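Good morning, everyone. Please take a look at the sequence and the structure before I start. Then I will walk you through them.

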Amino acid sequence: MTEQTLFIVKPDGVERKIAGKIIARFEKKGFSIVKLKMFTFTKQMAEEFYSVHQSKPFFGELVSFITSGRVVAAVIEGNNAIATTRLMIGSTKSFEATPGTIRGDFGLGISDNIIHASDSKESFEKEVAVIFK
Ligand code: CMP
């Protein structure tokens with residue numbers, strides 16, 4: 001089932017100069033890059049992008065971190081893209097993420113967990129509309 005998903009290399013990943021390595025993992029897996037963009041989230045974009053987490057205690061920290069520096073967003077395409085990408089990125093808490101996953105290999109943080117990826121078709125459609133207007 002060919003589908004598209006979106007991932008974002010967060011400010012920590014860009015700052016640490018591992019965005020290229022991360023994109024390469026998705027290419028190596030067989031996904032095609034459909035869209036690619038480097039930018040800095042405005043507060044308004046971040047609040048819209050993460051609106052599902054609005055009521056969570058960490059919402060302020062989340063918005064503050066994602067707006068703290070440049071990010072790289074990509075739309076990729078391939079078989080089972082949404083679920084496979086979620087497997088490749090690993091658990092939200094990087095210190096618990098399985099080695100071999102992106103978070104498991106590159107980080108220890110929660111806000112600074114290197115990468116975000118859409119968790120469903122609905123999230124993808126909403127997120128892509130915020131970033132690639
Ligand atoms: P992400 O996949 O981008 O989706 C929501 C983000 O909230 C998550 O990654 C984390 O970076 C961030 N976050 C910050 N604090 C927490 C927390 N305590 N629990 C879960 N997610 C958190």
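**A walk through the model**

Let's start with helix 5, residues 81-89. Its buried residues are Ala81, Ile82, Thr84, Thr85, Met88 and Ile89. What covers them? The cover includes strand 1, strand 3 and strand 4. It also includes helix 2, helix 6 and helix 7. After helix 5 comes Gly90, with a positive phi near 90 degrees.

A word of caution here: this is a predicted model.

A quick reminder for anyone new to sheets. Strands of a sheet pair through backbone hydrogen bonds, and the pairing is either parallel or antiparallel.

Next, strand 1. It covers residues 2-9, and strand 3 covers residues 71-79. How many bridges join strand 1 to strand 3? There are 8, and the two strands run antiparallel. Let me give you two pairs to find on the screen. Glu3 stands opposite Gly78 in strand 3. Phe7 has Ala74 of strand 3 as its bridge partner.

Strand 1 also pairs with strand 4. That pairing is antiparallel too, over 3 bridges. Here, look for Val9. Its bridge partner in strand 4 is Ile115.

Is strand 1 mostly covered or mostly open? Mostly covered: 6 of its 8 residues are buried.

On to the charges. How many salt bridges are counted? The count comes to 3.

Take Asp105 and Arg25. They form a salt bridge, with the closest N and O atoms 2.7 Å apart. Asp105 lies in helix 6 and Arg25 in helix 2, so this pair ties together parts that are 80 residues apart in sequence.

Next, Lys43 and Glu47. Their closest N and O atoms are 3.0 Å apart, and they form a salt bridge. Both lie in helix 3, 4 residues apart, which is about one turn of the helix. That spacing is worth a moment. An α-helix has 3.6 residues a turn, so residues three or four places apart point the same way. Lys43 counts as exposed, because its relative accessibility is 55%. Glu47 counts as partly exposed, because its value is 29%.

What does Glu47 touch, leaving aside its neighbours within four places in sequence? It is in contact with Phe59 and Val63. For a sense of scale, pick out Thr101. Glu47 and Thr101 are 54 residues apart along the chain, and their C-alpha atoms are separated by 27 Å.

Then there is Lys121 with Glu125. Their side chains meet in a salt bridge, 2.8 Å from N to O. Both are in helix 7, 4 residues apart, again about one turn of the helix. Lys121 has 49% relative accessibility, so it counts as partly exposed. The cut-off for exposed is over 50%. Glu125 is partly exposed as well, at 42%.

Last stop: the surface. Which residues form a nonpolar patch there? Phe95, Leu108 and Ile110 do, with about 330 Å² of accessible area together. Where is Ile110? It lies in the loop between helix 6, residues 102-106, and strand 4, residues 115-117. Ile110 counts as partly exposed, because its relative accessibility is 43%.

That's the tour. Thank you.

Note on methods: Residues are numbered from 1 along each chain as its sequence is written. This is a predicted model: local features need pLDDT of at least 70, side-chain atom pairs count only at pLDDT 80 or more; totals for chains, interfaces and linings use all residues. Side-chain values use heavy atoms; hydrogens and water are left out. Patches are made of residues with over 30% relative accessible area and no salt bridge: like charges are joined within 9 Å, nonpolar side chains (Val, Leu, Ile, Met, Phe, Trp, Tyr) within 5 Å. Accessible areas come from the Shrake-Rupley method with a 1.4 Å probe; for residues, only the protein chains shown count as cover. A salt bridge is a side-chain nitrogen of Lys or Arg within 4 Å of a carboxyl oxygen of Asp or Glu. Buried means under 20% relative accessible area, exposed over 50%, partly exposed in between (1.4 Å probe, protein chains only). Two strands pair if DSSP finds at least two bridges between them. Contact means heavy atoms within 4.5 Å.
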